[in-house]
Amino acid sequence: MRADHASYACGAALGFLGDLATGDPRRGHPVAAFGTAALAAERLLWRDHRGAGALYTALCAGGAAAGAALTARVVRALGPSRAAHTALTAAATWAVLGGTTLGREARAVGGALAAGDLDAARRRLPHLCGRDPQALDEQQIARAVVESVAENTSDAVVGALVWGAVAGVPGLVGFRAVNTLDAMVGHRSPRYRRFGWASARLDDLAGWPGARLTAVLAALAGPDPRGARRAWRRDGHRHPSPNAGPVEASFAGALGVRLGGTLAYGGRVEHRPVLNSGGRPVEAVDIERAVRLSRRVGALALGVSVAARLAVGALRPARTGLFPAARTGLFTAARPGVPVRAARAPHGALAHRARSLGAPGAAGGAYGQATARPSAAGRDRG
């Protein structure tokens, strides 16, 4: 098993636990710092044109991922210790995950609704979504919270873990950057209809695997797996968002509630398809049920992503270790009239074998001509 896969698994688990323990800080959050930088870039680059939006998306999201990749490379170059790479992964995982804060905000709205304080619930709702709270009654606020919990479980937890398993720290940071840009400019408003098009489409692409995994895990972890699968299969594709649809439908079926319908968002009214039409209307008590389901889905996603990463690390040596001598250059093909080039310095047992093959008086042929010796400049990689 490669060390970076094991250290990633440990770091991801530590970062997940860190988010459970602390949530997002009120000040100085790395995602907020990225948002400030993206806002400054928007002021410089905004044009009512898709090309300008694509450039903006490439610079912001690509710059964040490249910066994370450079940081990871520097950490590896400082030494072979796993501790530094584990710490970097843990910090990045903690920074990009938002499951604890998501549950905290949802519970705050649910508590206000349970206490009968509709005004307080309306004041807290903008922390979760961009809907107009003044246009919503108690049931509509509860529905909006459950829908936000479902969608953000995919965006703020599962999707990040999926891309972390695929690409490590750059995957974690890059996904979170793309998701943040979509939240900032990926709207169909007059200002962002063209400029935000690239951010929205990239977010759809990056969020696709995480959304499907979220829907699967919600069906597995929810109280009604069959209802979740049925609602996902029947209604998931009807949602205007290719990723929110499967997730919200699966949550609706798992919880036995009805989601979707008319909503006021960004100064306009939308009539979305009803998800799980056979379910009952959402109530305030369903917010806590949705938060608990979100927690279970996040824990399962961590297990799946870490297991996948470790499995890849375990399979790679088996796949590349079938012919270890071929990688060292000992078996270099010879052509008539062309001397065999000296192989690069192998080490350990292979180095001893190479010395014996290249020693004076050794047998002739390709082995005898290849005077392979450990290079003084070569780095021992084990």
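## A leucine on helix 1

Is leucine 20 buried, partly exposed or exposed? In this predicted model, leucine 20 has a relative accessibility of 36%, so it counts as partly exposed, since that class lies between the under 20% of buried residues and the over 50% of exposed ones.

Leucine 20 sits in helix 1, which covers residues 3-22. Together with Leu14 and Leu17, Leu20 makes a nonpolar surface patch of about 270 Å².

Let's take the partners of helix 7 in turn.

Helix 2 (residues 30-45) packs with helix 7 at an angle of about 55°, and their axes are 10 Å apart. That angle makes helix 2 oblique to helix 7. The crossing of helix 2 past helix 7 is right-handed.

Helix 10 (residues 244-255) also packs with helix 7 (residues 138-185); here the angle is about 125° and the axes lie 9 Å apart. Helix 7 and helix 10 are therefore oblique to each other, and helix 7 passes helix 10 in a right-handed crossing.

## An asparagine in a loop

Now for a backbone detail. Asparagine 276 has a positive phi of about 60°, although it is not a glycine. You will find asparagine 276 in the loop between strand 2 (268-275) and strand 3 (280-281).

Is asparagine 276 buried or exposed? Its relative accessibility is 8%, so asparagine 276 counts as buried, the cut-off for that class being under 20%.

Methods. Residues numbered from 1 in each chain as written. Predicted model: local features only at pLDDT ≥ 70, side-chain atom pairs only at ≥ 80, totals over all residues. Heavy atoms only, no water. Patch = residues over 30% accessible without salt bridge, like charges linked within 9 Å, V, L, I, M, F, W, Y side chains within 5 Å. Areas by Shrake-Rupley, 256 points an atom, 1.4 Å probe, with all protein chains shown as cover. Salt bridge = Lys/Arg side-chain N within 4 Å of Asp/Glu carboxyl O. Helix = DSSP H or I, 4+ residues; strand = E, 2+ residues; numbered from the N terminus. Buried < 20%, exposed > 50% of the residue type's maximum accessible area, 1.4 Å probe, protein only. Axes fitted to C-alpha atoms, helices over the stretch in contact; angles between N-to-C directions. Parallel < 35°, antiparallel > 145°, perpendicular 65-115°, else oblique. Left-handed = near helix turned anticlockwise from the far one by under 90°.
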